[in-house]
Amino acid sequence: MNAPAHPQMHLHKVDLKPKDYKTDTPSFWCAGCGHFGVLTGLLRALSEIGVDPNHLVNISGIGCSSRLPYFVNSYKMHTLHGRAGPVATGVQLARPDLSVVVTGGDGDGFSIGGGHMPHLARKNVNMIYILMDNHVYGLTKGQCSPTSRPEMKTTTTPYGGVEEPLDPVLYMLTYGATYVGQAFAGNVKLASQLIKDGMEHKGFAFVNLLSQCPSFNDIDTAHAFKDACDQVPDSHDTSDLSAAMNAVNAAKQAGRIPTGLLYKTERPTLDQRMAELVERVGGHKDYDLRKIIDLARP
Ligand code: SF4
Ligand code: MG
């Protein structure tokens, strides 16, 4: 497949420190919240890549984690609950020269927004989706989420849950994400590395960051997450989808959480395919969403 005729990500490099990507907005997260680790990891990754804040868009839905864009020196869109993915898809198609980063929680992404997740992966939208997975709804004060473990008692499951939790990593592998990684948010070095590599990856990158909520989840604490994480061995073949799924399933059977880069592959992104469509149908090479829309007019 030919390369698209539009600018690629990260051409606009700058030399900024992590603190330069941080806004002055005071934090409204609780003390000890795992989301601080995610933010630190993201700021480090942006600095290491040299992303120009003028070419960075941080998009979120609703939730404690979805407030992260307030703290990042970037363009940002705080969208409806669960709708960050579709909005980000539109932004990425309209401006494929921008770096698009979605940040959000397990409830926002996999319950309210769950219908959108497979489509981001199968379309291979060129962006990174950072899930801040604390296995609970924090902002609305402690309801059961789709990743809650049944042994956790929440305001909506006071005697414990009766449902098996969804595994975001297995889900994304199944639906065709081309970059999948996982880390404990407190392991800022690994989280930052996965975010950096995911942002530099051409395609849909999904990074699941296990992020404790000390206010409303008293079983998935920072210590519990940290103790349960096992880095995948160097021998793990990140190009092998079956190996990735087997690694996750084997770890789950043993009550463990595999961390690191689990899977990475290359295939054409949605904007590349759209550019090819424009060239094939419209006879010109310049990628422009407006021209695609014009093609669709009767
Ligand atoms: Fe973090 Fe939980 Fe507090 Fe929300 S309620 S800020 S997720 S600790
Ligand atoms: Mg949550």
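Helix H2 (residues 84-94) packs against helix H9 (residues 270-282) at an angle of about 50°, the axes being 10 Å apart. That angle makes H2 oblique to H9, a class left over once angles under 35 degrees (roughly parallel), over 145 (roughly antiparallel) and 65 to 115 (roughly perpendicular) are set aside. Contact, meaning heavy atoms within 4.5 Å, is made by Thr89, Gln92 and Leu93 of H2 with Leu270, Asp271 and Met274 of H9.

This is a predicted model, in which local features need pLDDT of at least 70, side-chain atom pairs count only at pLDDT 80 or more, and totals for chains, interfaces and linings use all residues. Residues are numbered from 1 along each chain as its sequence is written, chains are lettered from A and ligands numbered from 1 in the order in which they are written, and side-chain values use heavy atoms, without hydrogens and water.

The magnesium ion (ligand 2) is coordinated at 2.1 to 2.4 Å by Asp106 (OD), Asn134 (OD1) and Val136 (O). Donors are N, O and S atoms within 2.8 Å of the metal (3.2 Å for Na, K and Ca); water is not among the atoms, so sites may look incomplete.

Asparagine 124 lies in the loop between helix H4 (117-123) and strand S4 (127-133), and its phi is near 55°. Lysine 141, with a positive phi of about 75°, is in the loop between S4 and helix H5 (168-175).

The table uses these classes: buried is under 20% relative accessible area, exposed over 50%, and partly exposed in between (1.4 Å probe, protein chains only).

| Residue | Relative accessible area | Class |
|---|---|---|
| Asparagine 124 | 0% | buried |
| Asparagine 134 | 6% | buried |
| Valine 136 | 3% | buried |
| Lysine 141 | 54% | exposed |

Key:
Axes fitted to C-alpha atoms, helices over the stretch in contact; angles between N-to-C directions. Helix = DSSP H or I, 4+ residues; strand = E, 2+ residues; numbered from the N terminus.
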